[in-house]
Amino acid sequence: MEEDLQELAAMLELWGTVRFEYCGIYYEIFESTTADGYMVNLYLDNELDADGYYLDDNSYDGGLCTGTALEAIEFMLKEE
């Protein structure tokens, strides 16, 4: 799993955003435009609106991670 986390962190650093599913939760992580760090949003469903964004109605949790890209990936991972 550590290799997968490193790969996601590399993609986040390269593109500034990454989306993935883990244990039935959908993760959206991107560079914050208002603070140093990354916004981490979790959703219960992968349904998108017409513009390709996750629906707010499916929001589960979220927060700002002021650490590295890898720390942002690990920030809210739920072990099940």
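Predicted model: local features only at pLDDT ≥ 70, side-chain atom pairs only at ≥ 80, totals over all residues.

Q: Okay, and which way do E1 and E2 run when they're joined, parallel or antiparallel?

A: Antiparallel, and 6 bridges join E1 to E2.

Q: Which residue in E2 is the bridge partner of Val18?

A: That's Ile29.

Q: What about the hairpin of E1 and E2, how many residues sit between the strands?

A: There are 2 residues between the strands in that hairpin, and Cys23 takes a positive phi near 55° there. Cys23 has that positive phi although it is not a glycine. You'll find Cys23 in the loop between strand E1 (17–22) and strand E2 (25–31).

Q: How accessible is Cys23?

A: Cys23 has 32% relative accessibility, so it counts as partly exposed. Partly exposed is the range between the buried cut-off, under 20%, and the exposed cut-off, over 50%.

Q: Where's Gly24?

A: Gly24 is also in the loop between E1 and E2. Its relative accessible area is 40%, so Gly24 is partly exposed. If you want a distance across the model, Gly24 and Gly63 are 39 residues apart in sequence and 19 Å apart in space, going C-alpha to C-alpha.

Q: Switching topic: how many salt bridges does a search of the whole structure find?

A: The search finds 1 salt bridge. The side chains of Glu28 and Arg19 meet in a salt bridge, at 3.2 Å from N to O.

Q: Are those two buried or partly exposed?

A: One of each. Glu28 counts as buried because its relative accessibility is 8%. Arg19 has a relative accessible area of 35%, so Arg19 is partly exposed.

Q: How do E2 and E3 pair?

A: They pair in the antiparallel sense, over 6 bridges. In that pairing Tyr26 stands opposite Tyr43 in E3. Leu42 and Tyr26 are 5.6 Å apart in space, C-alpha to C-alpha, with 16 residues of sequence separating their positions.

Q: And what does the hairpin of E2 and E3 have between the strands?

A: It has 6 residues between the strands, and Gly37 takes a positive phi near 135° in that hairpin.

Q: How about E3 and E4, what's the sense of their pairing?

A: Antiparallel, over 6 bridges. For one example, Asn41 stands opposite Gly62 in E4.

Q: What's going on with charge on the surface? Which residues gather in the patch of negative charge?

A: Asp45, Glu47, Asp49, Asp51, Asp56 and Asp57 gather in that patch on the surface.

Q: Where is Asp45 placed?

A: Asp45 is in the loop between strand E3 (38–43) and strand E4 (59–65). With 32% relative accessibility, Asp45 counts as partly exposed.

Q: And Asn58, what loop is that in?

A: Asn58 is placed in the loop between E3 and E4. Its relative accessibility is 16%, so Asn58 counts as buried.

Q: How far apart are Asn58 and Asp45?

A: They're 13 residues apart in sequence and 5.9 Å apart in space, C-alpha to C-alpha.

Q: Last one: what can you tell me about Leu77?

A: Leu77 is in the segment after helix H2 (69–74). Leu77 counts as buried because its relative accessible area is 19%, and the cut-off for buried is under 20%. Leu77 and Tyr38 are 39 residues apart in sequence and 14 Å apart in space, again C-alpha to C-alpha.

Conventions
Residues numbered from 1 in each chain as written. Heavy atoms only, no water. Patch = residues over 30% accessible without salt bridge, like charges linked within 9 Å, V, L, I, M, F, W, Y side chains within 5 Å. Areas by Shrake-Rupley, 256 points an atom, 1.4 Å probe, with all protein chains shown as cover. Salt bridge = Lys/Arg side-chain N within 4 Å of Asp/Glu carboxyl O. Lys, Arg positive; Asp, Glu negative; His and termini not counted. Charge placed at Lys NZ, Arg CZ, Asp CG, Glu CD. Helix = DSSP H or I, 4+ residues; strand = E, 2+ residues; numbered from the N terminus. Buried < 20%, exposed > 50% of the residue type's maximum accessible area, 1.4 Å probe, protein only. Pairing = 2+ DSSP bridges.
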